[in-house]
Amino acid sequence: MTWIAKPKLHHPTLACNALGYTRRDYEGKISTLCAGCGHDSISAAIIQACWELDIAPHRVAKLSGIGCSSKTPDYFLGQSHGFNTVHGRMPSVLTGANLANRELIYLGVSGDGDSASIGLGQFAHCLRRGVNMVYIVENNGVYGLTKGQFSATADRGSTSKRGVENTDSPLDMVGLALQLGASFVARSFSGDKQQLVPLIKAALGHRGAAFLDVISPCVAFNNHPGSTKSYDYVREHNDAVNRLDLIPPRARIEVQYGAGETIDIEQHDGRVLRLRKLDPDYDPRDRIAAMNYVQQHQARGEVVTGLLYVDPEAEDLHAHLRTVDTPLNHLGEAELCPGQAALAKINAGLR
Ligand SMILES: Cc1ncc(C[n+]2csc(CCOP(=O)(O)OP(=O)(O)O)c2C)c(N)n1
Ligand code: SF4
Ligand SMILES: [Mg+2]
């Protein structure tokens, strides 16, 4: 709970990184998400990655939109800069911040509702512009915060908590990111920290638009009608003296599987998610091959995970715009104001 402060005392034997920080120095407030929510595992992976990379927390700017996923930056990197924006508007605020101060490490955290519905346009443009950032979508196929409506990434034929079938085609964030020109595209699963932590570290080291789609189960809005642990079942069979909403804690799903292997993961609602980890000889430097690979496996009902595409030579928005090396917010009036003579020359050129 956010009003319960975390104890500041650290055990003296906790391991420190090269900056002298323990892993706990990269934590944030206590999470208010449902017990077992995949998003908390992603926060833990971000903490681990930043600690292992010896990133000074004050060098990170974390930005998000609106949703359970977008709440998570409050639960990690408590010493970093943070901006919780409007629903779907994280990318434009991040782009502006990045243009003003290129020296920070930009981490955008969003949800499938935030990025694939209301924020789809913003998502598209920050990727195609090559904004230097790590963009993580915590993808659960629902609007978790507003009680589980289908998001645009929900599979056709999947049923909601109320048993309603989704008749719309899903939108694949990875396929879109590849098409839109992101120079680093990866997918993972929240419960696979062996894969997720290195992917976050690689994305943080990439110059350009790095996109990470992380499948992250929502434990609250996938309880099927047959379940005796569902809200409806409990309400119908509960002779209660008052009505309280209860979110039953569920175990986090954790997985381990090797390169080239597939794994079937039974989710909390009983649906099976088939993940395939990339083959060891997969070459991630070919964008078109990556698009084909993702589509072919998708047609077989497999969700491919791993680093799908990277352009190691990528350039970012600052390179495209040829901005000065000094962050714009460090420049003084003398550098920012060209003076009367320069202005007169520009005006003359426009006559
Ligand atoms: C302009 C606007 N429209 C709608 C909402 C209501 N709303 C809040 S969060 C959300 C969807 C969140 O879904 P997602 O991004 O997938 O996050 P999750 O909770 O699933 O992690 C919606 C529609 C809002 N806050 N603002
Ligand atoms: S409603 Fe779903 S997404 Fe939101 S905190 Fe609970 S489990 Fe996570
Ligand atoms: Mg969601």
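All 7 of the 7 residues of strand E8 (residues 209-215) are buried, so this strand is largely enclosed by the rest of the structure; a residue is taken as buried if 20 or more other C-beta atoms lie within 10 Å of its own, as exposed if 12 or fewer do, and as partly exposed in between, with C-beta atoms placed from the backbone. The model is a predicted one, in which local features need pLDDT of at least 70 and side-chain atom pairs count only at pLDDT 80 or more, whereas totals for chains, interfaces and linings use all residues. Residues are numbered from 1 along each chain as its sequence is written, and chains are lettered from A and ligands numbered from 1 in the order in which they are written. Helices (H or I, at least four residues) and strands (E, at least two) are DSSP runs, numbered from the N terminus. The protein chain has 12 helices and 11 strands, and of its 351 residues 38% count as buried.

Within E8, Ala 209, Phe 211, Asp 213 and Ile 215 point one way and Ala 210, Leu 212 and Val 214 the other way, and all of them are buried. Strand E8 is joined to strand E4 (residues 133-139), with which it runs parallel, by 7 bridges, two strands being regarded as paired if DSSP finds at least two bridges between them. Leu 212 of E8 is the bridge partner of Ile 136. Strand E7 (residues 184-189) also pairs with E8 in the parallel sense, over 6 bridges, and here Phe 211 of E8 is the bridge partner of Val 185.

Val 214, which is found in strand E8, is buried, with 29 other C-beta atoms within 10 Å. Leaving aside neighbours within four places in sequence, Val 214 is in contact with Ile 42, Ile 136, Val 137, Glu 138, Asn 139, Ser 188, Phe 189, Ser 190 and Leu 196, a contact being defined by C-beta atoms, placed from the backbone, that lie within 7 Å. The C-alpha atoms of Val 214 and Ser 190 are separated by 6.1 Å, although the two are 24 residues apart along the chain. In the protein chain, among contacts between residues at least 6 apart in sequence, 70% join residues at least 24 apart.

The largest nonpolar core has 61 residues, and those with the most contacts inside it are Cys 50, Val 185, Ala 209, Ala 210, Phe 211, Leu 212 and Leu 308; such a core is a set of buried Ala, Val, Leu, Ile, Met, Phe, Trp, Tyr and Cys residues joined through C-beta atoms within 7 Å. Helix H1 (residues 38-52) contributes the largest share of this core, 8 residues. Apart from this core lies another, of 11 residues, among them Leu 33, Tyr 143, Cys 218 and Val 219.

Ligand 1 is surrounded by 18 residues, the closest of which are Gly 67, Ser 69, Gly 111, Gly 113 and Gly 144, a residue being assigned to such a shell if its C-beta atom, placed from the backbone, lies within 6 Å of the molecule. Helix H2 (68-71), helix H4 (112-118) and strand E5 (142-143) each supply at least two residues of this shell, and the largest share, 4 residues, comes from H4. By class, the shell around ligand 1 has 6 nonpolar, 9 polar and 3 charged residues, where Ala, Val, Leu, Ile, Met, Phe, Trp, Tyr, Cys and Pro count as nonpolar, Asp, Glu, Lys and Arg as charged, and the others, Gly among them, as polar. The residues around ligand 2 include Leu 33, Cys 34, Cys 37, His 39, Cys 68 and Gly 144, and its shell divides into 9 nonpolar, 3 polar and no charged residues.

In helix H6 (residues 173-180), Met 173, Val 174, Ala 177 and Leu 178 are buried. Seen down the axis of H6, these buried residues fall within an arc of 135 degrees, so they line one face of the helix, the arc being that of the directions from the helix axis to the C-beta atoms. H6 is followed by Gly 181, whose phi is positive, near 100 degrees.

Most residues other than glycine have a negative phi. Asp 54, in the loop between H1 and strand E1 (60-64), has a positive phi near 55 degrees and counts as exposed, with 12 C-beta neighbours inside 10 Å. Lys 147, in the loop between E5 and strand E6 (149-150), has a positive phi near 85 degrees and likewise counts as exposed, with 10 C-beta neighbours inside 10 Å.

Conventions. Contact = placed C-beta atoms within 7 Å.
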